[in-house]
Amino acid sequence: MRRPGHTLAVAGLALAVCAMAYGFYYAVWVEHQTLDGIGGALTGAFQDAARGDVNGSHAKFDAYARAKYVYTREVDAHSHWIGLAMILLILAAVWERLALGPTGKSLLAWALILGSVLFPAGVLSQNFLAEPHGQVLAVTGTVLLIVGFAMVAVGFLREAR
Amino acid sequence: MSEGTGPLSSERWAEGSAAAASHAFPRMGARRLLVLGGLALFLGGTIFGDVFAVFVLHPNADHIGQALVAATAAVRRHDAEAAGRSFESIGGFLENRGTKVDAHAHMIGFGYLALLIAILYPWMRVSEAAARRLAELLIAGGVLLPVGVFTIHYVGLAYSPLASIGWASIMADAAGLLVVIACGGFLAALVRGGGERAFRDPLAQQRSWSGRVLMAGGVLMILAGFLHGAWFAAMDLYTQEKLDRELLSMAADSAAMDPGPGLIPERAGTALNAYGLLQADHATKIAAHAHIIEFGLIALMAGFFQPLVHLSERWRRRWAAILLAGSVVLPLAVLCELRFGLAAEVAADVGGAMVIVALAGMMAGVLRYTGHLDGVEAAGDAA
């Protein structure tokens with residue numbers, strides 16, 4: 001039977017590979033065009049204002065804000081997936097040292113894996129889902145991670161004693 | 001896969017089961033390449049980040065502010081062409097800043113990844129030759145991607161066959177693909193390893209003070225970074241995004257319509273000042289959040305590798321304390337930059353320097369250790 005530490009390691013490295021593959025796809029096919037869109041909208045907003053076209057300027061400011069909102073979440077999802085993957089990897093190596101029972105270790109490992117996938121997915125989904133749904137996913141992932149890390153810290157402190 | 005022999009005290013490790021250690025960390029082996037390459041990438045990325053923060057970040061922010069004022073003044077003169085030229089300059093400054101931040105972050109990230117794969121190496125089932133090739137691929141990609149990203153600002157679209165992607169980006173993307181392939185290979189090796197047995201690497205069995213403190217400190221820093229990030233997302237992020245749009249719009253509207261003398265109207269000036277402060281507030285909070293989590297990770301990893309730091313326990317404790325202190329000082333000082341200005345900036349730079357010095361000290365210990373192992377092996381070969 002696979003140990004929870006090994007499961008954490010496989011999940012962590014798989015998450016890192018998926019996040020990097022997403023980063024590669026994003027850098028090649030999306031990022032340059034998105035940055036051009038943000039810059040173009042902001043430039044257009046000021047140029048329309050200079051021409052006295054207030055409505056056109058406001059529409060371009062709205063487009064700028066929307067493009068920047070989307071870009072922030074796309075980049076945040078990539079960086080948080082990678083960051084969380086690396087935390088899973090380092091925890092995998094010292095998982096056996098946690099002063100918790102086997103069931104507790106296993107449940108905690110799965111909670112951290114789920115939180116690590118869910119939180120950035122929730123952030124990214126805010127670009128596609130209606131207002132509260134993406135936030136709910138992200139908050140659920142965050143709660144799993146914060147409670148999980150607190151339990152890991154307790155497990156290490158008990159081990160240290 | 002290696003088999004351990006139970007918990008090791010740091011003294012027992014220092015006395016050295018050289019054969020077991022050589023097996024865990026062989027000369028010219030994939031694992032040693034990953035550790036040394038990972039540490040070098042981390043150090044390179046951190047030093048680059050410190051140089052960037054001191055010499056580029058602040059002057060660049062001033063240039064962006066000046067160009068934004070020039071764009072607003074152009075709106076006031078109803079000169080759309082001049083506004084466009086100002087935003088071209090802003091685009092250049094933002095690209096300069098963004099590529100350097102990305103080069104810094106990716107170099108450090110690949111350093112972490114190499115170190116983590118080295119840590120988990122005993123769980124992998126892969127031939128030494130294949131692992132070494134994968135490690136070389138990972139390190140090569142880890143160096144080439146940041147170099148490619150760094151040169152994007154200088155190479156631009158010169159001689160590029162594509163409309164919006166230059167040769168430097170193409171090189172960076174190809175290097176990223178190398179890293180993905182290398183990590184995919186290590187993932188396959190990890191899955192093949194099975195994981196039926198416990199992680200018995202001798203490195204994981206040590207119980208030195210410096211190792212324990214670094215690991216506990218690392219987890220607490222990660223937790224603190226998460227709590228800060230959650231607070232920032234709940235209290236600040238959406239407000240800041242809304243304000244970003246409103247302040248820029250207010251500056252443009254005011255410049256276009258408000259009467260009165262001066263280069264730009266007072267209301268536009270107030271909006272631009274508030275926008276500058278908003279950007280600074282956003283940047284410092286994000287930087288504090290990212291750095292405390294990253295330093296937590298490096299503390300965890302440094303704790304794991306303490307048995308390989310071939311220094312006296314007193315010096316290992318010293319480097320561990322300096323690493324943890326610098327890891328806390330930098331994010332706290334960054335958070336205080338808006339309130340305390342230059343004093344906080346200096347404190348942040350000192351914190352970054354403490355982390356670099358501590359890691360350089362630990363790396364020197366690892367190099368001494370590998371030299372010691374090689375000496376033992378060479379003596380064995382000669383005998």
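Begin by selecting chain A and chain B together, where 57 residues of chain A are in contact with 58 residues of chain B; two residues count as being in contact if their C-beta atoms, placed from the backbone, lie within 7 Å. This is a predicted model, in which local features need pLDDT of at least 70 and side-chain atom pairs count only at pLDDT 80 or more, while totals for chains, interfaces and linings use all residues. To find your way, note that residues are numbered from 1 along each chain as its sequence is written, and that chains are lettered from A and ligands numbered from 1 in the order in which they are written.

Now colour the side of chain A that touches chain B, to which α1 (4-50), α2 (54-94) and α4 (131-160) of chain A each give two or more residues. Which element provides the largest share of this side? That is α1(A), with 25 residues. If you colour this side of chain A by residue class, you will find 39 nonpolar, 13 polar and five charged residues, where Ala, Val, Leu, Ile, Met, Phe, Trp, Tyr, Cys and Pro count as nonpolar, Asp, Glu, Lys and Arg as charged, and the others, Gly among them, as polar.

Helices (H or I, at least four residues) and strands (E, at least two) are DSSP runs, numbered from the N terminus. The radius of gyration of chain A is 21 Å, well over the 15 Å that the globule rule gives for 161 residues, so chain A is more spread out than a compact globule; the radius is taken over C-alpha atoms, and the rule is 2.2 Å times the number of residues to the power 0.38. Turning the chain, you can compare this with the box of roughly 70 × 30 × 25 Å, taken along the principal axes, that its C-alpha atoms fill.

Finally, bring back chain B and select domain 1 (23-205) and then domain 2 (208-383), whose bounds come from an automatic or database domain assignment. Their contact takes 24 residues from domain 1 of chain B and 30 residues from domain 2 of chain B. On the side of domain 1 of chain B that touches domain 2, α3 (30-76) and α4 (80-120) of chain B each supply at least two residues, and α3(B) gives the most, with 17 residues. By class, this side of domain 1 of chain B has 17 nonpolar, three polar and four charged residues.
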